[in-house]
Amino acid sequence: MPMATEGAIGNDELATLKLLALDGALDSDVKISCANLAADLDASTQTASRRLQHLDDVGFLTRETVADGQWVAVTEAGERALRAEHADYRRLFEEHSTVSLDGTVTSGMGEGRHYISLSGYMAQFEDRLGYEPFPGTLNVSLAAESTRTRTALDAAEPVEIDGWEDDERTYGPAFCYPATVLYDGTEYDRAHVIAPERTHHDEDKLEVIAPVKLREELGLADEDPVTVRIEVAP
């Protein structure tokens with residue numbers, strides 16, 4: 001299920017966040033003063049203070065005020081914003097890039113089977129993906145580094161599956177990213193990573209769909225290591 005959308009920031013706040021990260025705030029708390037930050041930004045002290053306040057308000061920064069300045073640190077949400085910006089620049093200046101996400105196979109709760117089988121989604125899968133998915137998902141628990149790398153998907157162009165509704169409820173949109181699943185020297189390249197919305201909910205988990213049951217196709221069991229590779233085109 002999607003989580004609440006994190007606050008948005010503009011280019012000025014993003015530049016401030018980047019500067020703080022370059023000063024070490026991505027790895028640990030760093031001590032700053034608004035006057036020094038303002039000088040680095042070529043802005044007024046009041047402007048620097050406002051930017052810090054906004055970054056704090058939207059959850060991209062933590063702050064602790066002390067007598068001679070502030071201790072600040074970039075949060076996980078702030079790091080995701082910076083990684084998304086990085087992914088955009090890669091998309092601009094590289095002909096193509098590949099996002100490879102490593103993890104282990106895990107059992108799901110069965111929700112994927114239910115939602116994928118719904119008629120409002122299934123018709124769109126057949127039309128837009130070119131196949132009828134096996135009624136279930138391959139669930140992958142991502143390694144820590146791949147959880148961070150996953151934000152590169154923000155630069156990818158997914159296949160969009162529209163939201164729809166019936167007499168009982170409304171169903172949200174989904175986004176599908178063409179993917180290849182690799183295991184023990186074997187690969188299957190007619191798969192898609194599916195995400196219910198462009199959010200970072202459960203970002204350490206991937207759900208993969210395909211026209212076949214991937215566990216059987218690749219001989220997978222829980223805890224087996226797999227790599228999911230997504231081509232990110234410019």
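In strand 12, the residue that bridges to V99 is I230, where strands are DSSP runs of E with at least two residues, helices are runs of H or I with at least four residues, and both are numbered from the N terminus. Strand 12 (residues 225–232) pairs with strand 4 (residues 97–106) in the antiparallel sense over 8 bridges, two strands being taken as paired if DSSP finds at least two bridges between them. Strand 4 also pairs in the antiparallel sense with strand 5 (residues 138–142), over 4 bridges, and in strand 5 the bridge partner of V105 is V140.

The model is predicted, so that local features need pLDDT of at least 70 and side-chain atom pairs count only at pLDDT 80 or more, while totals for chains, interfaces and linings use all residues. Residues are numbered from 1 along each chain as its sequence is written, and side-chain values use heavy atoms, with hydrogens and water left out.

S100 is also found in strand 4, and it counts as partly exposed because its relative accessibility is 35%, given that buried means under 20% relative accessible area, exposed over 50%, and partly exposed in between (1.4 Å probe, protein chains only). Although S100 and S146 are 46 residues apart in sequence, they are 7.7 Å apart in space, C-alpha to C-alpha.

D167 lies in the loop between strand 7 (164–165) and strand 8 (170–171), and it counts as exposed because its relative accessibility is 84%. In helix 6 (residues 119–128), the buried residues are G120, Y121, M122, Q124 and F125, and just after helix 6, G130 takes a positive phi of about 85°.
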